[in-house]
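Please look over the structure below.

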Amino acid sequence: MKTSDTHCVVSIIITSYNLGAFLEETIDSVLKQTYRQIEVIIVDDGSKDNYTIELLNQLSTNENLKIIRIPNSGVSVARNAGARAAQGEFLVFLDGDDLLSPDFVEKCIGVYTKDPEAGMVYGITKLFGAANTVLANGYYRYKPAYLKPM
């Protein structure tokens, strides 16, 4: 990405295995991003529960979402399937029971725009529910020599 180009597409890949109870809230947090140039890919990793299967069937009619179904193979295989289908210049991986703050992608693109040599940009992780803590504070970049932007 050129430093002046801040309108690249970001592919957000959501992986899910039997997470229908959380998936709608996860998708809602993605669709509320202030950065609008996003592609949303949901990879169903062979869910078996009826609620998740029905929800994904309903979501498959939403033209803003790309649904991929694979046999249960684990989260790494599901993420790779999403990455192969992605059209975006950058990838965001999200589990089906996680949420993004509305400005997550915008802030990450902002950090990268200021430092295009960064190989990876990531933000804070806030646990909620019983854990309710912050694991990191702020947006960071990672620059090892062997990582190159996609």
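This is a predicted model: local features need pLDDT of at least 70, side-chain atom pairs count only at pLDDT 80 or more; totals for chains, interfaces and linings use all residues.

Residues are numbered from 1 along each chain as its sequence is written, and side-chain values use heavy atoms, leaving out hydrogens and water.

Helices (H or I, at least four residues) and strands (E, at least two) are DSSP runs, numbered from the N terminus. Strand β2 covers residues 38-45. Eight of its eight residues are buried, so β2 is largely enclosed by the rest of the structure. Buried means under 20% relative accessible area, exposed over 50%, and partly exposed in between (1.4 Å probe, protein chains only).

Two strands pair if DSSP finds at least two bridges between them. β2 runs parallel to β1 (residues 10-16), joined by seven bridges. Ile41 of β2 is the bridge partner of Ile13. β2 also runs parallel to β3 (residues 65-70), with six bridges. There, Ile41 stands opposite Lys66.

A salt bridge is a side-chain nitrogen of Lys or Arg within 4 Å of a carboxyl oxygen of Asp or Glu. The whole structure holds four. The table gives some of them.

| Pair | N to O distance |
|---|---|
| Lys32 and Asp28 | 3.1 Å |
| Lys66 and Glu39 | 3.3 Å |
| Arg79 and Asp95 | 2.8 Å |

Lys66 forms its salt bridge with Glu39. Lys66 lies in β3 and Glu39 in β2, so the pair ties together parts that are 27 residues apart in sequence. Lys66 is partly exposed at 31%, whereas Glu39 is buried at 14%.
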